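Visitor: I have the coordinates open and would like to walk through them with you. Shall we begin?
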Amino acid sequence: MITRNKVYNFALNQTTLLLFAALFVIFGSLAPRFLSPSSFQGILYASSTLGIMAVGITLVLLTGGIDLSLGSNMYLTGVFGHLLLNVVEVPVWIAIPGALMVGLAYGALNAVLVTRLKIVPFVATLGTLLMGRGLGLVITRSISIDFPDSLTGLRNVAFLGIRLPVMVMLAVMLLFHFVLTRTQFGRQMYAVGNNGEAAAKAGLRTTRIVAGAYVLCGLLASLAGVVAMTRLGRFNPNFAAGDELFAIAAAVLGGASLFGGIGVILPGTLLGALMIPMVRSGLVFVGVDIYRERMVMFAIVFLAVFIDSIRKEQMEKRERRTIMKVDVEGESR
Amino acid sequence: MVFKRNQPDTLASGKLSLIRHATQHVLVSEYFVLILTIVYFLIVWAFVPWIGNRSNLMNILARVWPLLAAAVGQTFVLIVAGIDLSQVAVMAVTSVVGTSLITESVNPILFEGNPIWGVLITEQGGILAGHPAGVPIAIIVVLLIGMAIGLINGTAIAVFRMPAFVVTLVSMMFFGAFAIFLTYSENIMNIPAGYTGIAMERLGPISASLLISVLLAVVAYMILGRSILGRWMYAVGLNPRTARVSGVPTRGVLIFVYTFSGFCAAVAGILMTARLQVGRPVAGGLDTMLQIIGANVIGGMSLMGGKGKVQWTVFGVVFFVVLQNSVDQMNLDTFVVRIVLGFAILMAALLDVARNRMAGSLAQTPSPTVGAGT
Amino acid sequence: MKRLVLGLLVIAMVLPGAVFAGGRQEADDTVTIAFLFQDLETEFWVAGHHAITTTLRGLDVRVIERNAQNDALRQLEHTRDVIAQGVDGIIVIPQDGESALSIIAEANRANIPVGIFNRPPSSEQGDALVAVADNATIARQAVEYMMEEARKLGRPVTPAIMVGNLGDPNAVERRRGFYQAVEQDPGLFTREPIEIPTEWNADIGQANLESAMEANPDIDFLFTSSDFLFPVIRSVLEPRGKWKVYGEEGHVILGGLDGDVTACRLIDEGYVASTGVQDVFYEADSIMDAMMAAINAGVGRPDEWILDPGFALTRANFDERAMDMWGCVLRNQ
Amino acid sequence: MSPFLRFSTINKSFGGIHALRDVSLEIEGGVIVGLVGENGAGKSTLMNVLGGVLEPDSGEIHIEGTSYAPQSPRDATRWGVAFIHQELNLFTNLTVAENLFIDGFPTLPGLPFVDRRRVRRETEDALHSVQLEIAPGTRVETLSPGQRQLIEIVKALRRDARLIVFDEPTTSLTSKETEKLFGIIRGLKAAGKTIIFISHILNDVEELADFIVVLRDGQVQGHGPIGEFPINRMISLMVGRDIRNLYPERSAHDPGPVLLSVEKVSQPGIVRDIDLVVRSGEIVGVFGLMGSGRTELARIIFGLDPQRSGQIRLKDRTLSPGQIRERIEAGMAFVTEERREEGLVMDLSVQSNLVLVTLRSFLTRFGGLTKPGLIAMESEKIVEQLRIKTAGAGTTPVKSLSGGNQQKTVIGKWLLSRPDILILDEPTRGVDVGAKYEVHAIVQKLAENGAGVLMISSELDELIGTADRIVVMSRGELTGEFPRDSYEKELILAAAFRQSVVMSEETGAGGAV
């Protein structure tokens, strides 16, 4: 029997999903073609890079940290991919892992700065953001770089109609959903994010877990860079500048909290990552005037974050334990 | 004060401990960043003589004022453990609105049909063009707009408890697009001397920008160091729950801080526009935002809240501008600037970590106090 | 911990010293010209930079370069810096017409000849050598040729334009040029042009083009405000079977602006109908000659406008005019 | 047969303060040892040394004869030493099962994935062993303190701990939960585990422990079988002076006009129909067990929590719900239970903390600028008046002070606002005996100067020693009121438990708590 309370509970837990559906219906009614399956596939394709970044950011947010260096990491990955493919002329299946190593090293540097040298994550990753972009620009002399067809050709590889970049995103999300929900490392990450001190007392290797989050985030940013290389075919000097801010917004829209311990990959981060591209695509379908497009988009994003914070507050109120209720359950009066 | 170390008692080690003791005192002192800037400037001067000549020094100073104005607002927000990414967008909106009100003439073809046509601008230029009190009114309107955007951010964060990072990020994007929307990306020319005169150096390096920016910093110093509001801000930054129980209007403090940050961004917008003599809907973008936050961090601000002073930010801004100017003067690639700035930020953070640890151990000895408020 | 900090302090002191030693410049009496450019984002700017620096080196002149990275205020600072250094002449690619005026004023006040390259000052104020092409007219020429090809089809076409970052005057000028051409023969089109925002970001450009093609699959007349987006256009059209050579079924009439290497190749291969081009070499040579003449004659404030009408390299005039387009010149090297 | 656990001349000091002085002790296996001592006596330091959180300056520990020097909590766990801390080490965002297995999940063969079936099954068995019938998947944040405690115990058992240390386990338990806990502990003893039971509720220690160890000022004052340690001997060893003058003499006098009146105040699920009056010069004690709603009532009166219905008036001025500022201006002050979270700003100096509430009274004429000189003078006066021991009020951060001095700072902060009504929630928790006396002296002087005091405490002896009148709360309702002359421990406790008074023979004089 669906009580009013159950519906209210469901609504409270799935606000992002409901908002997503509402926007979908609104755009659909204004531009019927928006509801076609291929348009939804277009949205998935457009958010494949952002989705992979959002997973990396979710890991870091879970431990209560932040990572601003994703954009520079992606750019640096592209630069080394370019060096390997166009200068050293290495085949694609060597260039890709080579480029991913750069991302891994970038994440490891962040990890050392945050866990070993105890620098505040915001400041540490702000420093590596600047240094990473600077290094990339020095190598390319700030000239845009092109990727050979051998790499960009991968984008059209499709399986059951799902293109490679989307498959990679979904695979990453599934993998890390399992890591977070089914493995010890994942559950311990929630513990460290919830209460670092208690985690240490309980004998968890907190520094290793936090360091792991930053290394994985660096690797995932690099993977997003490789996907972008195949999708776009060309990086200009300010490629992905500021994209980390969108990735953080996506993770927060997906329910992750900036204070740690809260956040789920599926459906949370996935929906968060699809939100902005979906709105952007909807506005193009509806044909909003070019000067108003960006404003309307960010007004909607603001609304989404607003609704999410109301949800969190209501959840908190309901969680707060009451004295009298225990009594009803407890011994008879 | 003798350092109990298990090192041999030879004379050399005596001197050695003196040097180490001296450097530690320097490290711990609040003026470390200023000393570092001066030493750094002297080193560069040895290699690049013209960096010291008058016109370059004037350039350095001229770059400090707009950045300092915005950075002071950001300091207040960082002290209450918040962050304000929207300052850049406030600069853009205020630059466009301010100049369009008072521009003397505008190319109608470019401006016809855009949202401010007939509202702020007509064929004869801005609606306040030629009005005796045109410039002051425009400036007041600009400051009000800055405060309004700050108020929106503050309310969303204080009343609805939305995360400051995301709120100010989204308002940066929204108001940035709004500024471009106002004039359909056209710049605004022909700004009367009354407005551009603000950045004009009159006697020596003194300019209205200098006075405005310094005045803003002094007011901020008085608020933070000497007033109730300052103490409340530290309390809210360090422990909002205790502040609330002790009767501190925590919501009021947060809303004030973000409104003040918007106000400072509007002032910075005015100073930048005056210097550039053009109203531009794109004021600096992400780079400028990183500079504002970078200057605060180098100055010694901790992102955890509750720690920081206005004078630290002044030192941070000066260091930042001197560094940027020196690298430019060396005709180094501008990409190198990013690497050096990133490195400087990490160094500042490392020194901050070391300072806290040393300040902890030096706490017993009466060294200058470091850390939160009086 | 203390040893680590003291070590870092030493590095922080020594590093700047070392770096500067490398960058030290000896002041001598050869003619020094400062070349201030706003960024090398797209290959077009690289070519402009390339043209200027090769001509300057040809005249055995010492060149100081400054990249303002799209920051108009920074560029103004650079102007004052180089004046402070006592250069003999300044060549500037300004961020926009208005800041060009401020730069001219600074140079005039210091009585140093100043050359404005590629972006016209927004008024005649001040004395400067201006070698510039008008983005709007160039765009109009490119679109006019596209319309010629559309008329040959004998049926109305569905027009669309990929608009650049609205904060960049070039993007706005090129959009105006597109509309100037389109408004000449409205009958040729099935509807108002579809505007696709790109914000000069390939990722956003691809996502929005994908949505636009989904919303109106019959788009067969597409103009891009910059050739750097052609790889993105290919990535969207190819899977839809619309990346076809002229004459083939499903061919989309494509046009662009800048005239980079890719554009040259795509016109040659028949994918692209036309691209608007500035004669960068002509502009560089003419401004150089005027500048050197002024310096040698000791004229502090030369004032002369050199108008480069630019031209549209099209499939029709490709054989004669290809070598006038810097993209094709680079392609042959 | 060497003893199960042996401490030999353990010393530990923090910057000059000797927390442990030559502690030597031998504990047999399979017994329950009651470790008692005032706060600051060295109990937690000794346990932190045992648990690998702290390293002793000198001395050794042996378990079953072999030397044991843990470097981290992990080592302690490996050696079979388990801790049930007072502030429980649980993760509220995780489920019960996940909390149990957080440091070591069983995995599916050859896969990194957690064997969820096995985890669920083992959790169910473990919960069953402590008769805690909740689903393994429930999230910890929805559980009561008692339920959480049982999970901590199960966590320790799962790692087949040989030595289990309970740190103040019963302070946050309802009576029913306490009974269940004792049953489980006795079961552990029967299973051959060794138990160290730390508590300052001496009745619990008396009921449960086989041996007693009394600590004071970092030294073992006495240890031996329970028979030789009746409660009052324990107290005198703990306190080191006669228990009679534990609290300042309470001179009886007739209270003045009503200052605070609380009429029919209720908030659904929290409190219902509270009627309470506090007169000038009167100290009203509020007694209640954990979960009785006494702290919640205080927060509602002070405006920190919402209030659905009823009226609160201070000197006939009606206070609107949730307005803290209004109450402070009307003359109300609130020393909260959580000193570190809601009482002080730990990184600020003593002086800054003292003047935090009354900043408005330090204003210069123009603008909001404060007079630093006046602030220094006023705060110095309070520091002397309350004898707060601090290096320099203006410079040293509050976090470097002892528990007692911190509590005095919180009270000093409110004294500056010259309150008419002072509400105190657990005023002497985590405060050493000497400071406890001084705190009560300060409160009584305030009452004598005409202020009304509402003092909440879970220690009945403290209220009996200091309050003019005691009201009792249970399950969010007032269930009893006892004037000073008719304090009867059993009656008060009965009102608190809300059970009919059963004069159980064996408890004799002491009431069963």
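Visitor: How many residue pairs are in polar contact across the interface of chain A and chain B?

Guide: First, a note on conventions: this is a predicted model, in which local features need pLDDT of at least 70 and side-chain atom pairs count only at pLDDT 80 or more, while totals for chains, interfaces and linings use all residues. Residues are numbered from 1 along each chain as its sequence is written, chains are lettered from A and ligands numbered from 1 in the order in which they are written, and side-chain values use heavy atoms, with hydrogens and water left out. A polar contact is a pair of N or O atoms within 3.5 Å; within protein, one must be able to donate a hydrogen and the other to accept it, and residues adjacent in sequence count only if both atoms are side-chain atoms. Between chain A and chain B, with both residues at pLDDT 80 or more, the number of such pairs is two.

Visitor: Which element gives the largest share of the side of chain A that touches chain B?

Guide: Helices here are DSSP runs (H or I, at least four residues), as strands are (E, at least two), numbered from the N terminus. The elements of chain A that give two or more residues to this side are α7 (121-140), α13 (243-253) and α15 (290-319). With 14 residues, the largest share belongs to α15(A).

Visitor: What percentage of the area buried between chain A and chain B is on carbon and sulfur atoms?

Guide: Contact (heavy atoms within 4.5 Å) links 44 residues of chain A with 39 residues of chain B. Buried area is the accessible area (1.4 Å probe) that two parts lose on being put together, summed over both. Here about 3900 Å² is buried, and the carbon and sulfur part is 85%.

Visitor: Which residues meet in a salt bridge between chain D and chain A?

Guide: The contact takes 36 residues from chain D and 28 residues from chain A, burying about 2900 Å². A salt bridge needs a side-chain nitrogen of Lys or Arg within 4 Å of a carboxyl oxygen of Asp or Glu, and this pair of chains has one. At 2.9 Å, N to O, the partners are Arg187(A) and Glu98(D).

Visitor: Is Thr138(D) buried, partly exposed or exposed?

Guide: Thr138(D) is in the loop between α4 (116-129) and α5 (145-158) of chain D, and it touches Leu94(D), Thr95(D) and Val96(D), leaving aside residues up to four places away in sequence. Buried means under 20% relative accessible area, exposed over 50%, and partly exposed in between (1.4 Å probe, protein chains only). Because its relative accessibility is 26%, Thr138(D) counts as partly exposed.

Visitor: Why is helix α10 of chain B largely enclosed, and how many of its 11 residues are buried?

Guide: The cover over its buried residues includes α3 (54-79), α9 (208-226), α11 (240-245) and α12 (250-276) of chain B, together with α12 (350-354) and α13 (372-386) of chain D. Among the buried residues are Trp232(B), Met233(B) and Tyr234(B). Helix α10(B), residues 228-238, is largely enclosed by the rest of the structure because the number buried is nine.

Visitor: What percentage of the residues of chain C count as buried?

Guide: Chain C has 12 helices and 12 strands. Among its contacts with a separation of 6 or more, residues 24 or more positions apart account for 73%. Of its 333 residues, the buried part is 65%.
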